[in-house]
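Welcome to a short tour, to be followed with the viewer open. Have your selection tool ready, and we will go stop by stop.

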Amino acid sequence: MYEQEKTILAKAAIKHVRNGMILGLGTGSTTRSFIDVLGKWVEEGGQVQGVATSDETVEQANRLNIPLLSLEEVTHIDLIVDGIDQIDPHFRVLKGGGGALFREKVVALMSRKILYLADASKFVHHLNGPLPVEIDAFARPYVERFLQDKHVDVTLREQGGKPFVTDGGHLILDVDLKQVQDVQHFAKELKSLTGVLETGYFERQPDHVLTVEQGQVRQLAHPDLRDGGGLV
Ligand code: 5RP
């Protein structure tokens, strides 16, 4: 997504923020733009407290003087604002391209509302992955063998020629979904394996998604919500 589109989405997302909110702060380049805009909003007197989903987000929030709380300090989160990797027409979502899926999912589950920011490239008819799966390193051969038996291709995520390690100290397997008919069921099966911490299939779906088409922001509501979509 172009930087300009991310900024447009970030400025639209800030309209969902109210004084006094506890905000879940996602991870990734789209969310980074949002946190930049949030930083300006705070500088101009806006009052929020954030709960970060990654060390990277903690660092950015600290730099912008956005007050942070740990998960232990909150009983709820009003709204999480985050990016996504894929979304289908039923609002089923894949996340974790940035490797923060576990913390993002926990914070999303504690949030009253979920708002995702997504450019047009993130919308797909069928979730086709890859599906990130966060695992304990010791269980890697076991999980890989399970996937091989299912004839599913899997790649260990790397960074700078070394295995990518999450903030929680785990590895990520990126799983090809081309052979997978039912992603929801498959993700559940994976989650049940010993050594799998979490998958990038987000069972809790967003309330709203903001997207941008030719410079115009469109707000899409979850199919179960009645207020419909529309330009904002
Ligand atoms: C990080 C994520 C990101 O939100 C997702 O990968 C989208 O990233 P970007 O905004 O850079 O396209 O899930 O774990």
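Is phenylalanine 91 buried or exposed? Select it and look at its surroundings: this is a predicted model, and here phenylalanine 91 counts as buried because its relative accessibility is 6%, under the 20% cut-off. You will find the residue in the loop between β4 (86-87) and β5 (93-94). Most residues other than glycine have a negative phi.

Next, select histidine 151, in the loop between α5 (140-149) and β8 (154-156). Histidine 151 also has a positive phi, of about 60°. This residue is exposed, with a relative accessible area of 63%.

Now move to proline 130, in the loop between β6 (111-117) and β7 (131-135). Show the peptide bond from glycine 129 to proline 130: it is cis, with omega near 5°.

The last stop is the ligand. Select the 17 residues around it; Ser29, Thr30, Asp85, Gly96 and Lys122 come nearest. By type, the shell holds three nonpolar, nine polar and five charged residues.

Then display the distances to oxygen atoms of the ligand:
- a polar side-chain atom of aspartate 85, at 2.7 Å;
- a polar backbone atom of threonine 27, at 2.9 Å;
- an N or O atom in the side chain of glutamate 104, at 3.0 Å.

To finish, colour α2 (29-43), β3 (77-83) and α4 (101-109), the elements that give two or more residues to the shell.

Note on methods: Residues numbered from 1 in each chain as written. Predicted model: local features only at pLDDT ≥ 70, side-chain atom pairs only at ≥ 80, totals over all residues. Heavy atoms only, no water. Helix = DSSP H or I, 4+ residues; strand = E, 2+ residues; numbered from the N terminus. Buried < 20%, exposed > 50% of the residue type's maximum accessible area, 1.4 Å probe, protein only. Near = heavy atom within 4 Å. Polar contact = N/O pair within 3.5 Å; in protein donor to acceptor, adjacent residues only side chain to side chain. Nonpolar A, V, L, I, M, F, W, Y, C, P; charged D, E, K, R; others polar.
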